[in-house]
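Open the model in your viewer and keep the sequence panel beside it. The tour below says what to select at each stop and what is there.

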Amino acid sequence: MSFQKLLNQIDRVIFRKRNESDLNEEIKCHLDLEIEKNIERGMSPREARKSALLKFGGVEQVKENCRDSWGTRQVTGMIREFKLGMRLLLNNKGFTVAVTLTLGLCIGGNTIIYSVLNSLLSPPDYPEPNRVVEIYNSYPAQGIDRMTSNIPIYLDYSEHADSFEFLALVQNRAVNMTYQESSTRIPGIYASPDFFNLFDVHPVLGRFYGEESFVRDSLESRHVVVSESYWENQFNRDPSIIGETLYIDTQLSTIIGVAPASLSSHFGDAAFFHPWNWNPNRETEQALLNTRHSNRSRLYGRLKTGVTREQAKTQLDVIDARYYEIAPERMKMFLDSSNHETLMSTLRETNHENLGTSLYLLQGSVLLVLLIGCINVANLLIARSHTRLPEFAMRSSLGASNTILKRERLMECLALAAMSSFVGILIAWVGSGTINRYLLNDLLPSADNLSILSSVDNFVFISALSLAVGLFLGLFSSFSFTKKRLLAFIHESGGKASSSKPMRIFRSGLVATQLAFTIVLLVGSALLLQSFIKAINSDPGFETDDRFTTSVSLDFQNYGDLERTVAFRQSLETSLKTIPAVESVALSSGIPGITSMGVNTISIPGYEPVSDEGMPAFNVCLVNSGFFDLLGISFIQGRDFDLSDMNRNQSSIILDRNAAERYYPNGDAVGSYIPFGNQTEPENMSLIVGVVENIRHQGLDGENMDFTSGNEPMMYRHINANLRLPRFNIIIKSKRDFADIFPEIRENVAQLDSQIPLYFSGRLEDLLQDTLNDRRAFMFLTIILGVMALILSVIGIYGVLSYDISQRTNEIGLRMAIGASPKNVLGLFFGQGARKVGIGIALGIIGAIFFSNRLRSFLFEIEPTSFLSFVTVAIFVSTIASIAIYIPAASATRIKPMVALRTE
């Protein structure tokens with residue numbers, strides 16, 4: 001077909017009325033000309049018209065021939081049948097409302113989950129995103145698959161790795177931002193100079209910082225670029241902000257530009273971009289060798305055109321091997337024991353990994369609900385088709401082809417799917433607003449708000465899904481009749497519509513199938529609920545009642561040395577203890593179970609790692625002497641920190657039970673020494689002074705408190721010993737309400753330094769419960785889907801049984817007339833329904849066994865094949881299904897025999 005012919009056909013379909021009008025006008029013109037000729041030949045007007053019509057032939061036949069020549073008969077026929085289907089559906093309002101709500105709910109749920117996946121996995125806005133990779137370290141023997149990078153690696157790769165066009169070192173860092181005497185805590189990015197070149201973006205306003213910003217204390221190092229969202233929210237897109245000054249951790253900085261919103265796909269919460277600067281005079285070559293795997297920052301690279309990731313990785317492996325040859329012996333031991341490897345992935349792949357399996361499981365679950373809904377509606381359509389069998393049979397006997405009849409059913413189903421899609425869009429819009437408000441931050445903290453109506457992809461997805469639903473329903477409803485069956489219907493039943501036994505079996509199979517899918521979803525929901533209850537009731541290993549916390553960050557300019565930092569902490573601790581009703585105060589580098597702890601690998605004297613085990617690794621938390629008593633963490637051996645542990649030459653350490661039992665099985669942990677860094681002499685090593693009970697330092701749903709891989713034991717060091725810790729947490733024990741005591745805490749901090757804001761504040765119990773938010777959100781959505789599936793299945797069971805009873809009214813009357821009791825009739829239909837339910841539950845249990853294993857990573861102290869969950873779901877579904885069976889079965893017992901026998 002030529003392109004011009006295709007355009008002509010499209011024109012005739014779209015402008016059908018205009019083309020029909022033109023056709024009528026053309027035919028009228030031909031007739032008028034012939035009539036005029038006949039009149040000129042001496043005929044009367046009446047005879048002239050009659051003769052012209054006879055010569056021209058049938059007008060309607062000519063029109064049909066012209067339409068056939070257009071080649072649009074099939075399309076126009078489908079449009080006409082689609083409109084017919086719409087009219088039939090609108091005439092049967094009850095059926096249409098029930099079906100559109102059912103399918104709309106399923107389509108809307110699928111659209112919501114798809115929109116989340118689409119927004120997270122869609123290509124970034126910056127050019128050639130597949131050339132931008134993240135370079136990271138992997139230590140599989142330590143149980144660490146992905147670890148960040150650092151400045152020694154960045155400097156080495158920048159000098160020797162020519163596979164990359166640009167390399168950039170990036171660190172997420174929250175700072176105290178002071179602007180016009182108002183101080184707040186905001187997140188930002190510290191990045192090396194090529195950061196913006198790497199992403200190939202251009203400033204919205206002003207300029208970006210240059211190469212000289214990499215050197216600390218240079219003029220460029222005090223420049224800052226704000227994000228477009230921060231510019232809009234805080235400065236109302238005022239173009240005069242270029243040149244404005246503000247304080248970042250008390251350092252005066254000048255705004256020089258505005259970064260584009262395209263960077264928000266990976267750095268969405270960053271309010272600013274600050275130059276990464278360092279002092280090369282402080283970092284000796286030996287220091288860079290020793291700190292190469294002190295990972296705190298992310299490393300990104302843009303591959304050169306034509307360079308593959310495999311080629312770039314090969315070059316990085318060569319550079320790593322060159323470093324290994326000159327690395328200190330302790331570092332070689334660590335690299336060997338941890339099986340270190342340098343890897344890279346695109347940022348889209350990184351997002352894909354961060355999703356885990358939660359969203360994919362949710363998408364699979366809502367697709368399962370959609371399938372259940374489609375099966376339910378297919379059953380309704382098949383039942384509806386039986387009621388129209390006399391109509392179809394009559395039309396078939398009058399010459400209507402089976403193809404036309406099936407096409408009409410298909411177009412009716414497509415009309416039904418189109419109506420359902422509009423309902424689905426409305427439900428998705430309402431549902432996305434609910435999820436944005438209550439669940440999105442819990443399920444995906446880094447995701448932007450869902451916007452169903454602003455994405456073309458979402459509309460394409462809804463259209464494709466609606467088309468698939470329409471075709472699915474049309475296929476199933478077409479099974480309800482064939483040409484042969486329609487003829488047999490007329491000959492055998494005399495025009496009475498009834499379901500054949502094979503069709504009843506087929507519909508019963510659909511019911512059992514949707515019930516099986518429902519069991520799969522409900523078992524998953526039950527496992528997640530049981531797991532959540534276990535997690536929320538688990539013992540964290542420390543007290544949370546009447547404990548509050550808030551966080552403080554000291555700036556480098558005013559607190560750049562240990563003495564001033566220690567003095568501030570001591571003054572703060574003393575000040576807070578003077579607040580009325582404050583029982584005790586503790587300071588720590590992290591909050592157990594809530595914030596992440598730093599991980600250190602340490603060589604334990606006398607301990608030989610077993611096969612395939614890496615170097616001993618510890619979660620390290622810096623605390624003061626009141627920490628354990630405040631949180632109710634009991635000592636097993638030794639003592640708490642005291643003033644002697646402030647000795648700069650020898651710091652003290654407290655281990656938890658896991659560490660002591662694993663690395664000192666003879667019970668001789670207290671009094672032993674552990675080296676940090678290059679310490680080799682006992683007088684310079686750290687002394688173990690105590691052993692405390694284990695706590696769930698990875699959250700309520702973390703690993704068991706017994707030591708397992710990936711749940712490193714705890715090591716506590718004194719917060720003031722040889723370390724400058726700018727950010728730390730204040731933990732307070734008091735009977736007073738947090739909202740009442742917090743203003744006094746803020747006032748006491750302000751008296752010491754008015755430029756220090758407090759952040760991450762709240763009751764310890766609430767913050768600990770918040771660590772379960774992602775688990776809670778996932779569980780909540782899964783339960784909703786399971787309940788939706790159960791409702792649809794119960795409706796399906798009820799509908800099928802009710803329809804069967806309505807079709808067998810005569811049979812019921814005959815049975816009761818020859819002596820069957822109501823109890824016999826009830827048993828007959830209840831037994832039929834129970835067999836459907838039994839088959840569905842059996843199939844569902846088998847499917848749930850396979851599905852539940854996919855949930856293993858989401859379960860806490862619950863086996864995927866938990867007997868309690870499976871049995872509870874089976875009993876619950878059986879009970880609900882029994883009610884759905886009993887209602888129509890009981891109605892069958894109330895049928896009067898004489899009335900039933902007279903029923904046609």
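Predicted model: local features only at pLDDT ≥ 70, side-chain atom pairs only at ≥ 80, totals over all residues.

Setting aside its neighbours within four places in sequence, Phe628 is in contact with Val623, Ile633, Phe635, Asp640, Phe641, Ile654, Val692 and Tyr716. Phe628 belongs to the largest nonpolar core, which has 105 residues. A second, separate core has 41 residues, including Phe618, Leu622, Val691 and Ile741. In soluble globular proteins, nonpolar side chains tend to be buried together.

Next, select residues 738-752, helix H25. This helix has 15 residues and spans 21 Å between its first and last C-alpha, close to the 21 Å expected at 1.5 Å a residue. Which residues of H25 are buried? They are Phe738, Ile741, Phe742, Ile745, Asn748 and Val749. Looking down the axis of H25, you will find these buried residues within an arc of 125°, so they line one face of the helix. An α-helix has 3.6 residues a turn, so residues three or four places apart point the same way. On the other side of H25, Ala739 and Gln751 are exposed.

Now show what lies over the buried residues of H25. The cover includes strands S12 (547-553), S13 (582-588), S21 (727-734) and S22 (759-763), along with helix H22 (562-576). Then move to the start of H25, where a side-chain oxygen of Asp737 comes within 3.0 Å of the backbone nitrogen of Ala739.

Stay on H25 and pick Val749, which lies in this helix. Val749 has a relative accessible area of 1% and is buried. Residues up to four places away in sequence aside, Val749 touches Leu572, Ile756 and Leu758. Draw a distance from the C-alpha of Val749 to that of Ser571: the two are 178 residues apart in sequence and 9.6 Å apart in space.

Leu554 is the next stop, in the loop between S12 and H22. Is Leu554 buried or exposed? Leu554 counts as buried, because its relative accessibility is 4% and the cut-off is under 20%. Beyond its neighbours within four places in sequence, Leu554 is in contact with Tyr559, Thr565, Phe568, Pro726, Phe728 and Ile756. The C-alpha of Leu554 is 8.5 Å from that of Asn176, a residue 378 places away along the chain.

Go now to Ser149, in the loop between strand S2 (144-147) and helix H7 (151-160). Ser149 is buried, at 2% relative accessible area. Its contacts, leaving out neighbours within four places in sequence, are Ile135, Asn137, Asn295, Arg296, Ser297, Arg298 and Leu299.

For another helix, select residues 822-853, which form H29. H29 has 32 residues and reaches 46 Å from first C-alpha to last, close to the 46 Å expected at 1.5 Å a residue. Among its buried residues are Val825, Phe829, Gly833, Lys836, Gly840, Gly844 and Phe851.

Finally, zoom out to the whole protein chain, which has 31 helices and 22 strands. Of its 904 residues, 50% are buried. Contacts between residues at least 6 apart in sequence join residues at least 24 apart in 81% of cases.

Note on methods. Residues numbered from 1 in each chain as written. Heavy atoms only, no water. Helix = DSSP H or I, 4+ residues; strand = E, 2+ residues; numbered from the N terminus. Expected span 1.5 Å × (residues − 1). Buried < 20%, exposed > 50% of the residue type's maximum accessible area, 1.4 Å probe, protein only. Arc of directions from axis to C-beta. Contact = heavy atoms within 4.5 Å. Polar contact = N/O pair within 3.5 Å; in protein donor to acceptor, adjacent residues only side chain to side chain. Core = buried A, V, L, I, M, F, W, Y, C linked by side-chain atoms within 4.5 Å.
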